[in-house]
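My notebook is open and the structure is on the screen.

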Amino acid sequence: MREPAQSGRRNLLHALTAGVFLCACPSTFARTSSIAVHSSAPDFTRPSITNHAPVHLRAFRGKVVLLNFWASWCGPCLAEIPQLVIWQNRYRDQGLQILGISMDDSSRAALEWVHKLSINYPVVMSDPRLSLLYGGILGLPVSFLVDRAGVVQRRYDGSIADSHTEQELVRLLRESSAKPWA
Amino acid sequence: MPTQNTRRNFLLHAPVALGAIALALDTSRLLAESATTIPSSALLEPGFVNAQLQRSHAAPWKILQVGFHSMFDQKHIRGAIYAGPASQPDGLALLRQTVSSWPRTQAILLYCGCCPWTHCPNIAPAWDQLQSMHFSAVKVLRIENNFGADWAAKGYPVA
């Protein structure tokens, strides 16, 4: 049984996230782009901004990976991250791995928000090459949903902290086949 | 006891609530100086700007990107000058330095496009900066979603 206090805390976090999003998300977000969708997720290795350990995308083979491009200067990015933290906790055991990719010009500001938002998944810094590998990140937030076989299933331009994205994520998590990445 | 429960609940939830409020305020700091403060008479739509760039041999404005280097490095409007993120002191300093020797009647077009228009942290500070320096012919490119969706994806000129 969940403790009432724990449940209350969770509800408050949900309410905050929903509230921030009601204010922060214009309905005009373009939500899709064909760039890189249905092809293998380009592999990369970048150092974690928290402990400098190398983070290899390929190391997450067999998991559903949510790549989230964000930056400390992007209000809608910061507003959606608490929901990503919840998803990482909720679906970790089912094989979800979220990976944050900061578009900040330096890691200092990004690191500050990693701590402020208690981000519970690895965060690395982007660079022009990595951005171009993913079709160009010319506005934020942008996220990619990668299935267990390493294929990009969706690109989201705009905020993703909604039930529709969660349903897509859960659908991919239920696909148990873990084909090796190409 | 109901009173004890109420006190216990308050003690448990108050720190979380205060933390949540602090986070919301911190986040709203980024939304505080909104692009919506720029007068509509100064705003130009991407389609119009693209048409002007196609029509004239030389761009009718000096075009300044006042966003982040990580964006500019990938793609920017052809001919644009990187002038730094105006939401940050270093960025504002670079903007001042870039325009300092220009005549105050110089036609200038500012753009950013890092984020949706109402959440862009850079465009309003850049506008304010040029106003305070008495530039009289400043226009602003109104980018609704982001530079990728509203400019690059439409095939408008980039470098």
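**Entry 1: a crossover in chain A.** I am working with a predicted model. I began with strand β3(A), helix α2(A) (residues 75-91) and strand β4(A), which together make a right-handed β-α-β unit.

**Entry 2: neighbours of β3(A).** A reminder to myself: strands of a sheet pair through backbone hydrogen bonds, either parallel or antiparallel. I found that β3(A) pairs with β4(A) (residues 96-102) in the parallel sense, over seven bridges. Within that pairing, Val65(A) has Gln97(A) as its bridge partner. I then looked at β6(A) (residues 142-146), which runs antiparallel to β3(A) and is joined to it by five bridges. Here Asn68(A) is partnered by Ser143(A).

**Entry 3: burial.** Why is β3(A) largely enclosed by the rest of the structure? I checked its residues, 64-70, and seven of the seven are buried, so the strand is largely enclosed. I also looked at side-chain directions: Val64(A), Leu66(A), Asn68(A) and Trp70(A) point one way, while Val65(A), Leu67(A) and Phe69(A) point the other way, and all are buried.

**Entry 4: the sheet in chain B.** In which order do the five strands of the open sheet in chain B lie? I read β1-β5-β4-β2-β3, with parallel pairing. The edge strands are β1(B) (43-44) and β3(B) (81-82), each pairing on one side only. I saw two bridges between β2(B) (residues 62-65) and β3(B), and Leu64(B) has Ile81(B) as its bridge partner.

**Entry 5: helices on that sheet.** Helix α4(B) (residues 89-99) packs on the sheet and touches β2(B), β3(B) and β4(B), with its direction at about 165° to that of β2(B). I also found helix α5(B) (residues 123-132) lying across β4(B) and β5(B), at about 155° to β4(B).

Conventions:
Residues numbered from 1 in each chain as written. Chains lettered and ligands numbered in written order. Predicted model: local features only at pLDDT ≥ 70, side-chain atom pairs only at ≥ 80, totals over all residues. Heavy atoms only, no water. Buried < 20%, exposed > 50% of the residue type's maximum accessible area, 1.4 Å probe, protein only. Helix = DSSP H or I, 4+ residues; strand = E, 2+ residues; numbered from the N terminus. Pairing = 2+ DSSP bridges. Right-handed = clockwise from strand over helix to strand, strands pointing away. Contact = heavy atoms within 4.5 Å. Axes fitted to C-alpha atoms, helices over the stretch in contact; angles between N-to-C directions.
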